[in-house]
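This report looks at charged side chains and how they pair. Please view the sequence and the model together while reading.

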Amino acid sequence: MDKMSMSHEDYLEAMVMLGASQTTGVRSVDVAEKLGVSKASVSKAVAGLREAGYLDQAHYGSITLTERGLERGCAVLERHEMLTRFLSKGLGIAPEVAEHEACQMEHAISDDSFKKWFAFVEKLGLD
């Protein structure tokens, strides 16, 4: 994946979790609530992500992801889910701790390392 701030990755991930797609939009207020940030923070992030080609938003309308934004958001969510599973089920870390730490790790791991780690977790059968 190309370089992007952790914050912007979190926004895309949250939008995917809220059901945003290329045709289905989400409201800024729902993104703000999901991430525990202000609507002004969402507005600033949306402007940057729109400029970078990751999403679209009609003036004061719902936010839809571009193909690129949906792909990136889904990739971040996939990393998060796999890392959470590994930490909680594979290592026995408390679910809330695993969730928090997976969120930190998902941004730092390279694509190559993730693919190898994912294959390892799949072999372990940690569904």
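This is a predicted model: local features need pLDDT of at least 70, side-chain atom pairs count only at pLDDT 80 or more; totals for chains, interfaces and linings use all residues.

## Other salt bridges

The count of salt bridges comes to four. One of them joins the side chains of R27 and D30, with an N to O distance of 3.0 Å, and D30 is partly exposed, its relative accessible area being 27%.

Another salt bridge is formed by D112 and K116, whose closest N and O atoms lie 3.3 Å apart. Because D112 and K116 are four residues apart in helix α6, about one helical turn separates them. D112 counts as partly exposed at 47% relative accessibility, whereas K116, at 56%, counts as exposed.

## A buried glutamate without a salt bridge

E106 is found in the loop between α5 (95-105) and α6 (111-124). Although E106 is buried, it has no salt bridge, and the nearest side chain of opposite charge, that of R79, is 8.1 Å away.

The side chain of E106 does make a polar contact of 3.3 Å with the side chain of H107. When neighbours within four places in sequence are left aside, E106 is in contact with D10, E13, V76, R79, H80 and L83.

Terms used. Residues are numbered from 1 along each chain as its sequence is written. Side-chain values use heavy atoms; hydrogens and water are left out. Helices (H or I, at least four residues) and strands (E, at least two) are DSSP runs, numbered from the N terminus. Buried means under 20% relative accessible area, exposed over 50%, partly exposed in between (1.4 Å probe, protein chains only). Lys and Arg count as positive and Asp and Glu as negative; His and the chain ends are not counted. A polar contact is a pair of N or O atoms within 3.5 Å; within protein, one must be able to donate a hydrogen and the other to accept it, and residues adjacent in sequence count only if both atoms are side-chain atoms. Contact means heavy atoms within 4.5 Å.
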